[in-house]
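Please look through the sequence and the model shown below before reading on.

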Amino acid sequence: MPGTVETVASFSIRRTACLDADGRPLGPLPEFAADTDFLARLYRGMVLTRIFDEKAVALQRTGRLGTFASSLGQEAVAVGAASAMRPEDVLLPSFRDQGAQFWRGGTPEECLLYWGGSERGSRSAAAPEDFPICIPVGTQFPHAVGVATAFALRRQPRVALVMGGDGATSRGDFAEALVFAGVWTLPVVFVIANNQWAISVPRSQQCAAQTLAQKAIAAGIEGAQVDGNDVIAVHHACDRALDRARRGGGATLIEAVTYRITDHTTADDARRYRDDAEVSASWKREPVARLRNYLVAQGAWAKPDEERVLAECRATVEAAAEAYLAAEPEPATAMFDDLYAALPEDLQAQRAAVRERADG
Amino acid sequence: MGELTMVEAVAMALARALDEDPDVVLLGEDIGRDGGVFRATAGLLDRFGADRVRDTPLAESAIAGVSVGMAAQGLRPVCEIQFMGFVYPALDQMLSHAARLRNRTRGRLSCPMVLRAPYGGGIHAPEHHSESTEALFAHIPGLRVVIPSSPVRAYGLLLAAIRDPDPVVFLEPKRIYRAVREEVADDGAALPLDRCAVLCRGSDVTLVSWGAMLTETLDAADALSAEDGIEAEVIDVCTLKPLDAATIRASVERTGRCVIVHEAARTGGFGAEIAARLAETALVSLLAPVVRVTAPDTVVPLLKLERHYMPAAADIVAAVRRTMEYA
């Protein structure tokens with residue numbers, strides 16, 4: 001034995017869950033849950049997302065949309081996180097967070113425009129400072145740190161909330177962003193939707209750590225795990241983290257444990273690498289029925305409510321799909337027009353050539 | 001006002017930018033108390049405070065990625081990567097995000113950031129400290145790539161880069177950080193970001209270069225004039241992207257000959273782009289093939305062999321003489 005050995009640091013990770021898989025309260029619920037109208041709005045947000053995803057996949061399967069990433073099964077993460085934000089906060093979504101974008105005013109039509117192949121889908125006016133979705137996995141985390149740095153420098157009581165998946169936590173950018181957020185005590189919340197699969201690589205092969213939340217510990221920020229199929233728990237955890245960040249308390253990493261019920265994207269076939277039994281079992285824990293069961297048990301939800309919300313969401317999504325399918329393409333020269341604030345002289349001839357070729 | 005080295009001119013431009021625009025924020029490794037390993041930020045922490053002159057953790061991808069987020073919020077981050085040899089983790093953020101943000105949001109968000117990095121060889125530095133990989137950045141649509149070759153141009157081009165509404169990669173040839181002093185007026189005047197500088201006029205051959213290699217190029221021009229009576233026109237490209245092709249073409253149309261000089265490896269170097277432009281637009285004016293004087297396509301050697309790697313004035317003189325042999 002060397003001279004002395006002592007424990008110089010020790011840590012634990014706590015997990016929050018409010019409802020069990022059947023929607024029964026596991027204990028006293030957070031205060032906001034007494035407002036069943038608000039819970040009904042969360043429910044509607046999740047249903048809208050699910051109906052949208054279903055429609056988008058159908059459009060892709062019939063050749064009317066490009067590759068698309070459904071969020072089936074993890075709607076509670078997106079809706080729970082976004083609903084805890086204030087309008088003036090900034091969302092930095094990954095490519096599976098349309099539910100969060102819709103909550104903040106992004107429209108289903110914009111989402112279809114994007115996956116249908118037009119940059120205009122990321123021009124959303126509803127949340128003008130939110131980032132567009134991020135395709136290169138994990139590269140969005142440093143952006144959130146930069147946004148939060150701007151808030152801190154300007155002494156604004158605003159928070160950046162950035163989302164990503166379990167695979168993204170293996171990226172260097174994730175670790176680097178956590179380190180910066182810790183050292184600079186920044187108002188940023190990292191929400192990881194741990195859906196157990198990074199395309200075909202399961203969580204167990206992604207990282208040997210017991211939880212992903214504990215990655216916060218190494219950066220000196222708060223880390224917590226939450227049942228990601230429980231929208232009440234997700235909202236509660238994000239609300240606390242956002243509040244803490246807004247008051248100058250620094251960053252939090254929230255690992256929301258959920259499950260990707262469907263393929264990685266429409267270009268993937270998950271049957272190649274995982275058992276049907278696992279997927280079937282996951283349906284017993286999914287978030288939409290869970291909240292509905294709770295609301296029904298509270299006497300706050302009945303068949304007419306369900307029918308009304310389904311009809312509303314379907315109408316919204318159908319109208320969005322029609323508008324998307326009717327949208328005129330941009331002119332070919334659009335690829336030049338926002339490349340720089342003003343197109344450099346050296347590119348004028350290329351732009352003219354593209355226009356001539358398109359018109360020809 | 002006074003006789004300044006290039007690195008002092010960089011510091012003066014940074015101070016000016018911090019002073020005139022509260023949105024300008026510097027970030028990077030060792031840029032605060034230490035003033036940067038080359039002292040490009042010397043004195044700025046004391047003058048502008050730790051909020052605006054920010055020492056970062058040692059993580060280049062995040063330095064660039066955090067700058068993207070700051071810029072999207074309307075700040076004007078100027079990040080320093082300590083040596084170009086360490087810029088590659090940041091390449092992903094520059095290519096995948098900084099260069100695309102305006103376009104992919106159709107103008108809703110933008111990225112007015114500057115990434116500064118000392119680059120190039122010739123200072124007997126350790127491994128990974130001598131590369132010239134400017135062509136990697138010049139290949140990326142949506143970026144600007146700027147390289148000064150004198151204290152005056154460092155000041156004016158850096159101010160222009162910081163004020164520009166789009167992302168700029170600003171590469172500083174560290175071999176000439178302290179090689180010359182010249183009068184640099186702290187008048188806040190920026191230089192254009194799309195114009196070559198014609199350093200001397202001549203009618204026999206056009207020499208095109210950028211960064212530290214202008215030293216050898218100008219020496220070669222002097223030798224050619226003195227020894228051969230050949231009058232070379234010397235062009236400092238200044239902004240590789242966007243390229244001021246018109247100035248280079250106009251010069252070659254007059255001289256009929258062109259030698260391109262760069263310190264970077266030959267294949268896919270930026271000289272190839274300039275040569276291709278001339279082949280496309282000025283072929284009928286050419287009296288001789290366009291010639292490149294460059295480093296070989298090898299890994300930059302450690303310092304014992306470095307002088308065999310770096311192009312020298314004699315190489316440029318020899319190339320011009322070969323060019324003159326054509327009618």
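Which residue of chain B forms a salt bridge with A:Arg155? The partner is B:Asp51, and the closest N and O atoms of the pair are 3.1 Å apart. A salt bridge here is a side-chain nitrogen of Lys or Arg within 4 Å of a carboxyl oxygen of Asp or Glu.

The model is predicted: local features need pLDDT of at least 70, side-chain atom pairs count only at pLDDT 80 or more, and totals for chains, interfaces and linings use all residues. Residues are numbered from 1 along each chain as its sequence is written, chains are lettered from A and ligands numbered from 1 in the order in which they are written, and side-chain values use heavy atoms, with hydrogens and water left out.

**The interface of chain B and chain A**

The table lists counts for this interface. Contact means heavy atoms within 4.5 Å. A polar contact is a pair of N or O atoms within 3.5 Å; within protein, one must be able to donate a hydrogen and the other to accept it, and residues adjacent in sequence count only if both atoms are side-chain atoms.

| Item | Count |
|---|---|
| Residues of chain B in contact with chain A | 47 residues |
| Salt bridges across the interface | 7 salt bridges |
| Pairs in polar contact (both at pLDDT 80 or more) | 26 residue pairs |

Helix H3 (60-72) of chain B is among the elements that each supply at least two residues of the side touching chain A. H3(B) gives the largest share of that side, 10 residues. Helices (H or I, at least four residues) and strands (E, at least two) are DSSP runs, numbered from the N terminus.

About 3,800 Å² is buried between the two chains, with carbon and sulfur atoms giving 55%. Buried area is the accessible area (1.4 Å probe) that two parts lose on being put together, summed over both. In chain B, the residues losing the most area to chain A are B:Gln73, B:Arg106 and B:Arg108, together 22% of what that side buries.

**The sheet of chain B**

Chain B holds an open sheet of 7 strands with mixed pairing, in the order E3-E2-E4-E5-E7-E6-E12. Strands E3 (53-55) and E12 (239-241) stand at its edges with a single partner strand each, so one side of each has no neighbour in the sheet. Two strands pair if DSSP finds at least two bridges between them. Strands E2 (residues 24-28) and E4 (residues 76-80) of chain B run parallel and are joined by 5 bridges; B:Leu26 has B:Val78 as its bridge partner in E4(B).
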